[in-house]
Amino acid sequence: MTTKEIKILPIGKEGSGPDEYGYYGSFGGAYIPEMLFPNVEELKTRYLEIMAEPAFQNEFRTLLRDYVGRPTPLFFAERLSKQFNTRIYLKREDLCHTGAHKINNTVGQILLALRLGKKRIIAETGAGQHGVATATVCALKGIECVVYMGEKDIERQAPNVARMKMLGATVVPALSGSRTLKDATNEAIRAWINNPTDTHYIIGSVVGPHPYPDMVARFQSVISEEVRWQLLEQTGSELPSHMIACVGGGSNAAGAFYHFIHEQAVKLVAVEAAGHGINTGMSAATTQLGRSGILHGSKSLVMQTEDGQVTEPHSISAGLDYPGIGPLHAHLYESGRGTFLSVTDDDALRSAFEVSRLEGIIPALETAHAFSALKQLSLRTDNTVVVCLSGRGDKDLATYMKAMGV
Ligand SMILES: *Cc1c(COP(=O)(O)O)cnc(C)c1O
């Protein structure tokens, strides 16, 4: 692969980027405590300039190729295609180092942090996937890494905790609230306030204050950049009819949509977790249940009570178990550019088993939601559908074994 610049898309309404204040339509911005203002301001004024430097591009592209394993294949899924009587391609982010797309972003952010002169990295993690991807790049660059994780998640996700420790990271339990992801995020923000000058906070999705959603989307945009030339090679056209991705915070979807957002011929399908069902009180379908609000530094759609308290989400997949979505997705939803579907725990499980047997690929539970959405679309034989296969299912084996009754 040759070294190419990340395309800087036009800012504002027509492009994929936010305006200069970090807004996508009415969502985004930077709602931060005053003590974090200098950090966020430094990041905001420098991220585009650093990302455009040829030396940065070169190092980023080389690591993506030789360390992460890019380009990831675009695979024509023949048996799955037959089942749906259409043409389905899988973008194999599950084949990235550490097993998911998350490392595209952590590689980019560690290079950025080093160029900003930072000596220490902090991160939050829910299931531990982002924590592992962060600990990995910190080991690669020999930089201190502290990961905040809810005490309850530390108990539930023991293998990932062990991985982070083996990679040399310190895992700090978040003991407040529900002792899960949103509490870990609060702890990480608190830790950042206490070490504002020497520490960079690597956020794991397209959430957080501006410029994080845009920065993470740009690092993940390599996904759709590759899909365009891979589809051209395989089908003679760069554009799919449908691009489907699951949405927790929305980083794999943002990366999969990025270079298609301005292509009206491409239907962008975002799939949220319905949990036990949208109206059961045990769900994480943010666009269906949320209202405009502020969560973790930006204005977006947020699941909340009448008086604005963030509600506890539920999904069988830890990566989709988040009460918000990134501001880009809130805008895609509100503007109608994106189609938002939701899939229950049970339907996602069913699809995980079906895809495993049809294609010999065990998908992550998060990705299984994207596969299940195929059943909700009316697809034609001449459609070209791409599913972003965000991660592999090894981490979910305990859940899959329980479902099989073994
Ligand atoms: C973390 C994760 C997700 C959800 O995060 P996004 O930011 O929405 O992409 C989806 N799939 C996998 C495999 C993950 O690890």
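**Ligand site and cavities**

Modeller: An N or O atom in the side chain of Lys 102 is 2.7 Å from an oxygen atom of the ligand, a polar contact (a pair of N or O atoms within 3.5 Å). This is a predicted model, where local features need pLDDT of at least 70 and side-chain atom pairs count only at pLDDT 80 or more, while totals for chains, interfaces and linings use all residues. Residues are numbered from 1 along each chain as its sequence is written, and side-chain values use heavy atoms, with hydrogens and water left out.

Biologist: Which backbone N or O atom lies 2.7 Å from an oxygen atom of the ligand?

Modeller: One of Gly 248. His 101 also places a polar side-chain atom 3.0 Å from a ligand oxygen.

Biologist: How many residues surround the ligand?

Modeller: 16, with Lys 102 and Ser 205 among the closest; a residue counts if one of its heavy atoms lies within 4 Å. The shell has three nonpolar, eleven polar and two charged residues, with Gly counted as polar.

Biologist: Where does the ligand lie relative to domain 1 and domain 2?

Modeller: Between them, because domain 1 (31-67 + 102-216) and domain 2 (71-99 + 221-404) both give residues to the shell. The bounds come from an automatic or database domain assignment.

Biologist: Switching topic, what lines the largest cavity?

Modeller: Residues including Val 207, His 296 and Tyr 322, where lining means having an atom within 4 Å of a point on a 1 Å grid that a 1.4 Å probe fits but cannot leave.

Note on methods: Polar contact = N/O pair within 3.5 Å; in protein donor to acceptor, adjacent residues only side chain to side chain. 1 Å grid on protein atoms, 1.4 Å probe; cavity = no way out; pocket = protein on both sides within 12 Å on 5 of 7 lines; lining within 4 Å.
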